Amino acid sequence: MFSLNGKVALVTGASRGIGSATAKALAAQGAHVVVGYVRGEEAAQKTLAEIQSAGGQGEIVRIDAGDFAASENTVLDVAKRNGRLDILVVSAGISLDALMLRLKEEDLDATLNVNLKGALAAAKGALKVMMKQRSGRIVFLSSVVGEAGNAGQTAYAASKAALLGVTKSLAKEYAGRNVTVNAVTPGYIATDMTAALNDEQRKAMLNGVPLARPGEASEVAAAVAFLASDEAGYITGQTLRVNGGMYM
C-alpha cells in the first residue's frame, strides 16, 4: 500500500522540520522528490543526501515562496525537467509573532505573502500541469493555530486559516480533473520552531495535548504520504488533524 513508484513530488520548505521529514517519507515510498528550499541550501542538500543514502531519488531546487511569479515558474520548471508533477506539498512558511497591538504591517504582509500567496503560487503552477495530466495530489501544511487560534499569532493564524478555505475551493475546482487537494494541520510538533520555546511555554502547550507529548515530524509526514497516495483518491477538500487531540 501507499506505493509512490514513478511519481514526481515537490515539497516546498523541505530543508528542515516537517518539510524535510515529508520529503524523506515520500521518497521512502518510491517517489522522485524535489526538495524545495529558500535559504537553507546546505540543509536541503543534507535532506537529499539522507534520501539517497536510504536508496531514494531526488534533487534540490530553490523556490522563493515570497515571490509569486518566481514560485509558479519554478514549479513549472520542475515539472518540465521531470516530465510530470504528481504531488505538491506546500510546507514553506514563516511565523512573525506579536500581539495585535504590536503587530507591524510589514510583518503581516510578509506572513501573508509567504504562507498564503506563496502557497497559491506553487499550487497555480502545479495545477497547470496536473490539469493536463488529469491527475495530481496537492497537500497544504496548515496548523492547529489556523483552526483554534492562539494569542500572539494573529497574522500566522490568519494565513493558516486561509489555507483551509483555499483547500476546499481548489478541491471543488479541480475534482473533475482527478486532482485532490487536502490540508494537514499539525499541533505541537518537535521541530526547530518549537525548540525555541522555554520550559514554561512547553509545559503550557503539553497541558493542552491529551496524548501528553509533542508529535514527531515523521508522524505528520506519514499523514501527508497517505494523502499523496492512490489509496487516498476519494479524499479531497479535507483537513487531517495531527495534533495529539489538542484540537478536536
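Q: How many cavities of 30 Å³ or more does the count come to?

A: The count comes to 1 cavity of 30 Å³ or more. Keep in mind that this is a predicted model.

Q: What volume does the largest cavity have?

A: About 50 Å³.

Q: And which residues line the largest cavity?

A: The lining is made up of Thr-12, Ile-63, Ala-65, Ser-71, Val-90, Ala-92, Gly-118, Ala-119 and Ala-122. By type, that lining divides into 6 nonpolar and 3 polar residues, with no charged ones.

Q: Which helix gives the largest share of that lining?

A: Helix H4, residues 105-133, which supplies 3 residues.

Q: Which helices each supply at least two residues of the pocket lining?

A: Helix H1 (17-28), helix H5 (144-148), helix H6 (154-174), helix H7 (192-195) and helix H8 (199-207).

Q: How do the residues of the pocket lining divide into nonpolar, polar and charged?

A: The lining of the largest pocket has 22 nonpolar, 19 polar and 5 charged residues.

Q: Switching topic: how many aromatic pairs does the count come to?

A: The count is 1 aromatic pair. Phe-2 and Phe-226 form the pair, with 5.5 Å centre to centre and 70 degrees between the planes, making it edge-to-face.

Q: Which parts does that pair tie together?

A: Phe-2 sits in the segment before strand S1 (8-12) and Phe-226 in helix H9 (residues 217-227), so the pair links parts that are 224 residues apart in sequence.

Q: Is Phe-2 buried, partly exposed or exposed, and what about Phe-226?

A: Phe-2 counts as partly exposed, at 29% relative accessibility. Phe-226 also counts as partly exposed, at 25%.

Q: Last one, Glu-59. Where is its place?

A: Glu-59 is in strand S3, residues 57-62.

Q: Does Glu-59 count as buried or exposed?

A: Glu-59 counts as buried because its relative accessibility is 16%, and the cut-off for buried is under 20%.

Q: What does the side chain of Glu-59 make a polar contact with?

A: With the side chain of Arg-81, at 2.8 Å. Leaving out residues up to four places away in sequence, Glu-59 touches His-32, Val-33, Val-34, Val-35, Leu-48, Arg-81 and Asn-82.

How values were computed
Residues are numbered from 1 along each chain as its sequence is written. This is a predicted model: local features need pLDDT of at least 70, side-chain atom pairs count only at pLDDT 80 or more; totals for chains, interfaces and linings use all residues. Side-chain values use heavy atoms; hydrogens and water are left out. On a 1 Å grid over the protein atoms alone, a cavity is a set of points where a 1.4 Å probe fits but cannot get out, and a pocket is an open set with protein on both sides within 12 Å along at least five of seven lines; lining residues have an atom within 4 Å of a point. Grid points are joined across faces, edges and corners, and a volume is the space filled by probe spheres set on the points. Helices (H or I, at least four residues) and strands (E, at least two) are DSSP runs, numbered from the N terminus. Ala, Val, Leu, Ile, Met, Phe, Trp, Tyr, Cys and Pro count as nonpolar, Asp, Glu, Lys and Arg as charged, and the others, Gly among them, as polar. Rings of Phe, Tyr and Trp (its six-membered ring) pair if their centres lie within 6.5 Å; planes under 30 degrees apart count as stacked, over 60 as edge-to-face and the rest as tilted. Buried means under 20% relative accessible area, exposed over 50%, partly exposed in between (1.4 Å probe, protein chains only). A polar contact is a pair of N or O atoms within 3.5 Å; within protein, one must be able to donate a hydrogen and the other to accept it, and residues adjacent in sequence count only if both atoms are side-chain atoms. Contact means heavy atoms within 4.5 Å.
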